[in-house]
Amino acid sequence: MSMLRRKKIINLFSSSKLSQLISHEFGLIPQSKQYPTHPSSAFLKTLNPFRVLLYYAPYSTQASKFPEYEMPSVTWGVIQGRKEKLVSRVIIFDYLKGLGIIPDELHDLELPSTVEVMRERVEFLQKLGLTIDDINEYPLMLGCSVRKNIIPVLGYLEKIGIPRPKLGEFLKNYPQVLHASVIVELAPVIKLLRGLDVEKQDIGFVLQKYPELLGFKLEGTMSTSVAYLVSIGVNPRDIGPMVTQYPYFLGMRVGTVIKPLIDYLVSLGLPKKIIARMLEKRPYILGYDLQETVKPNVDCLISFGIRKETLPLVIAQYPSILGLPLKAKLSSQQYFFSLKLKIDPEGFARVIEKMPQVVSLNQHVIMKPVNFLLARAIPSHDVANMLIRCPQLIAARVELMKNSFYFFKSEMGRPIKELVEFPEYFTYSLESRIKPRYQKMKSKGIRFSLNWMLNCSDQRFEERLQGNYIETETTGPSFCMGGKLELPGNEIVSDEEEESDDEELYRRTVSL
């Protein structure tokens, strides 16, 4: 009996009557005879049950809370046959072409069943500030439903800190976000950023700078780049501020971008601890192209007379020098120093070694302290020697130099020659160092050079006054490639100082 029933059912579904009935029901009869709402019960008995469910699906949904988005979309529309779909697609393409939108990339994309839904999407995107040209840059955004894709994504972006007026600009920069799932793809990325100590109020700022972060896999590039930076000594607590300042390093591959740059800097003589401190403050260094920018700039420094053993100190003082258009800047400044300051190329190289920021200083700014010194009857060749010995004079404020010079002449009564021999005098604070120390020396009736008086810590100065420590005058710290930082008199440095030599070097150099 069961086999007989099965054969009857098969015959029923394969009968010509059913084919005629289906053809009659789906568009092969005049419009006036089509069913206005629901098919007849007799027809439903013969249809495939899955087809019936699809047919009834639009009628089973509840009324939306957002009546303005009740139009059909990609997933909600009229069930059409192949012929109707082709007709609808032609109509929609004609509509888009009439707006100036090129629909070539939409041929393989599922489109809404009516042109009204497509018009809704285009008008919604235009209200956000997108133009027809913007849509043509990424026409696949037209495949996103307003209710099911665009509104949830935009609502989440606004929630995490992107201002509503900026949403249109955000979509222009990264329209692919409209295809993302808020729960599955966007929320985990935000959770990861918060886990990296990016402040909640900075999330929107970070994403506006680098919206592609929302498309990264959590276990991919972002995690490996952070892990590598921590492994070379970057403080994990500084990762968050680094991301806020320069989020692009999260998208850089360790093996092809980050590690080759770090290895090259190490080969120049920079310890990894110094590199880590540099990156914590200036993570944008990671964006410098190794082959096209960094290596050519290092070669340029050497060609201008910078000694290889001083390269680590130069880079530690001014890491941005690795990414500048260096050849043009050095050529311009070298010519200026030779013409206006009477400093030859060798002297210019010594200036760069001590203060590499000179390459970026405006020449008008440089001339202000120089003119001040020349106006005090200091010969030009002496001024040139002063600048070579202490390039920091170039960045000194003339107002402070005037006060220090007046005290030097009127109160201390010393000859100009001492200033020429110790131009660093102008880099010390008049009120907090020069005056107090001079008064103490004067009260004790002793007289020493400016170098002896100023070039030491307060503790060392007190020891000198008490006669507990006597030393010859020495120069400042020096750094030898492959060795440690050498400080004069370091045998009596306080035991409270726990900084490593490398950290001490970085602290001293960046303070310049």
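Rings of Phe, Tyr and Trp, the last by its six-membered ring, count as a pair if their centres lie within 6.5 Å. With that rule in hand, here are a few notes on this predicted model.

1. The aromatic cluster. F372, F405, F408, Y425 and F426 come together as one aromatic cluster.

2. Two of the cluster members, F372 and F405, deserve a look of their own. Their ring centres are 6.1 Å apart and their planes stand at 85°, so this pair is edge-to-face; the cut-off for that class is over 60 degrees. F372 belongs to helix 20 and F405 to helix 22 (residues 398–412), so the pair ties together parts that are 33 residues apart in sequence. Both F372 and F405 are buried.

3. A tyrosine pair elsewhere on your list. Y246 and Y248 are also an aromatic pair, with 5.0 Å from centre to centre and 65° between the planes, which is edge-to-face. Y248, at 29%, is partly exposed.

4. Helix 18 against helix 20. Returning to the helix that carries F372, please look at how helix 20 (residues 363–375) packs with helix 18 (residues 326–340): the angle is about 30° and the axes are 12 Å apart. That makes helix 18 roughly parallel to helix 20, because angles under 35 degrees fall in that class. The crossing of helix 18 past helix 20 is right-handed.

5. Who makes that contact. On helix 18 the residues are S332, Q333, F336, F337 and K340, and on helix 20 they are Q363, I366 and M367.

6. The wider setting. How many helices and strands does the protein have? There are 27 helices and two strands. The protein has 512 residues, of which 41% count as buried. Looking at contacts between residues at least 6 apart in sequence, 65% join residues at least 24 apart. The F372 and F405 pair, with its parts 33 residues apart in sequence, is a handy example to keep on screen.

Definitions and conventions. Residues numbered from 1 in each chain as written. Predicted model: local features only at pLDDT ≥ 70, side-chain atom pairs only at ≥ 80, totals over all residues. Heavy atoms only, no water. Axes fitted to C-alpha atoms, helices over the stretch in contact; angles between N-to-C directions. Helix = DSSP H or I, 4+ residues; strand = E, 2+ residues; numbered from the N terminus. Parallel < 35°, antiparallel > 145°, perpendicular 65-115°, else oblique. Left-handed = near helix turned anticlockwise from the far one by under 90°. Contact = heavy atoms within 4.5 Å. Phe/Tyr/Trp six-rings, centres within 6.5 Å; stacked < 30°, edge-to-face > 60°. Buried < 20%, exposed > 50% of the residue type's maximum accessible area, 1.4 Å probe, protein only.
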